[in-house]
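Thank you all for coming. Please take a moment with the sequence and the model on the screen before I walk through the contacts that hold my attention today.

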Amino acid sequence: MGENRLSKYSFYAIGEILLVVIGILIALQIHNQNDLRKERIREIRYLENIRTDLEINLQEMDRYLEYRSASIAAANRVLEHFEGRPITDYAAFNADGVHIYEWERFWQHDNTFQELVNSGNLALISNEEIKTSLLDIELLYKIMKSEEDHYRFDTETALYKPLYDLMDLRPMVASYEYRMSNGSAGEDVDLSGDYFNDFLQSTIIKNGFVMTVLELSKLNGQMQEIKRRTEELIALIDEEVKR
């Protein structure tokens, strides 16, 4: 009887131990699931913020592509006059030239991406395709910024400096402001062929416009690739958020 009782108690003890272990494992599983759920919520929030940044970038890229395409067209019109085409509207010719001088860098909105990287939370992005795409686009931006630096050097060397040395800029600026503001600013300056004579004889300035066409076209090509990759990334994020 003693042996039977001991066997029975041992069986009960083992059963209770198993129940405790199972209970602990269930509790750990619930805890892990809660942690995973919280991480997923953080990941979705990051993805939604990244998507917002990307949409802003797309809008900005459209604006830059339009402006830079207009600058390329203006530079080509100016070059036609360097090649001998007569100028019939000096105010329009001047506006084309000034349009080239007004250029700006593109700055992407990537606050969320930078926060992920700097905080060490990039690993929160579980979709490897999204993570890789983010890093690839960031690299494309760096390549484009390098080309912008190259364009800035050429612009300062072949357009700004020779123009400042050669021309009295006040009539150019006054005429441009008057034209762009429909007469509410600037001055209706009577520009003439004599005013632009030295300008059109400058090989350096001509080369500046040649490089403008070349480099802005390259920048537009780079930006169009970034835009394409950005649109693909937005589609990936939308799929991931819905999952």
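This is a predicted model: local features need pLDDT of at least 70, side-chain atom pairs count only at pLDDT 80 or more; totals for chains, interfaces and linings use all residues.

Is E240 buried or exposed? With a relative accessibility of 4%, E240 counts as buried, because the cut-off for buried is under 20% relative accessible area.

A second salt bridge is formed by E83 and K206, and here the closest N and O atoms are 2.8 Å apart. E83 sits in the loop between α1 and α2 and K206 in helix α7, so the pair ties together parts that are 123 residues apart in sequence.

R170 lies in helix α5 and E187 in the loop between α5 and α6, and the two are 17 residues apart. Of these two, E187 is partly exposed, with a relative accessible area of 38%, and R170 is exposed, at 57%. Before I leave this topic, note that salt bridges with shared partners join R40, E43, E240 and R243 into one network, so please keep E240 in mind, because this buried residue comes back in a moment.

Let me turn to the nonpolar side chains. In soluble globular proteins, such side chains tend to be buried together. The largest nonpolar core in this model has 54 residues, and those with the most contacts inside it are Y101, I130, F199 and F209. Helices α1, α2, α3, α4, α5, α6 and α7 each supply at least two residues of this core, and α1 gives the most, with 15 residues. What is I130 in contact with, leaving aside its neighbours within four places in sequence? The list is L47, I125, L233, L236, I237 and, as promised, E240.

Finally, the aromatic rings, of which the structure holds 14 pairs. The rings of Y64 and F106 have their centres 5.0 Å apart and their planes at 85 degrees, so this pair is edge-to-face. Y64 is in helix α1 and F106 in the loop between α2 and α3, so the pair ties together parts that are 42 residues apart in sequence; both residues are buried. Y101 and F209, by contrast, form a tilted pair, with 6.4 Å from centre to centre and 50 degrees between the planes. Y101 lies in helix α2 and F209 in helix α7, so here the parts tied together are 108 residues apart in sequence. Y101 is buried at 12%, and F209 counts as buried at 0%. Ring pairs also link a cluster whose members include Y101, F199 and F209, three residues that we met among those with the most contacts inside the core.

How values were computed
Residues are numbered from 1 along each chain as its sequence is written. Side-chain values use heavy atoms; hydrogens and water are left out. Buried means under 20% relative accessible area, exposed over 50%, partly exposed in between (1.4 Å probe, protein chains only). A salt bridge is a side-chain nitrogen of Lys or Arg within 4 Å of a carboxyl oxygen of Asp or Glu. Helices (H or I, at least four residues) and strands (E, at least two) are DSSP runs, numbered from the N terminus. A nonpolar core is a set of buried Ala, Val, Leu, Ile, Met, Phe, Trp, Tyr and Cys residues joined through side-chain atoms within 4.5 Å. Contact means heavy atoms within 4.5 Å. Rings of Phe, Tyr and Trp (its six-membered ring) pair if their centres lie within 6.5 Å; planes under 30 degrees apart count as stacked, over 60 as edge-to-face and the rest as tilted.
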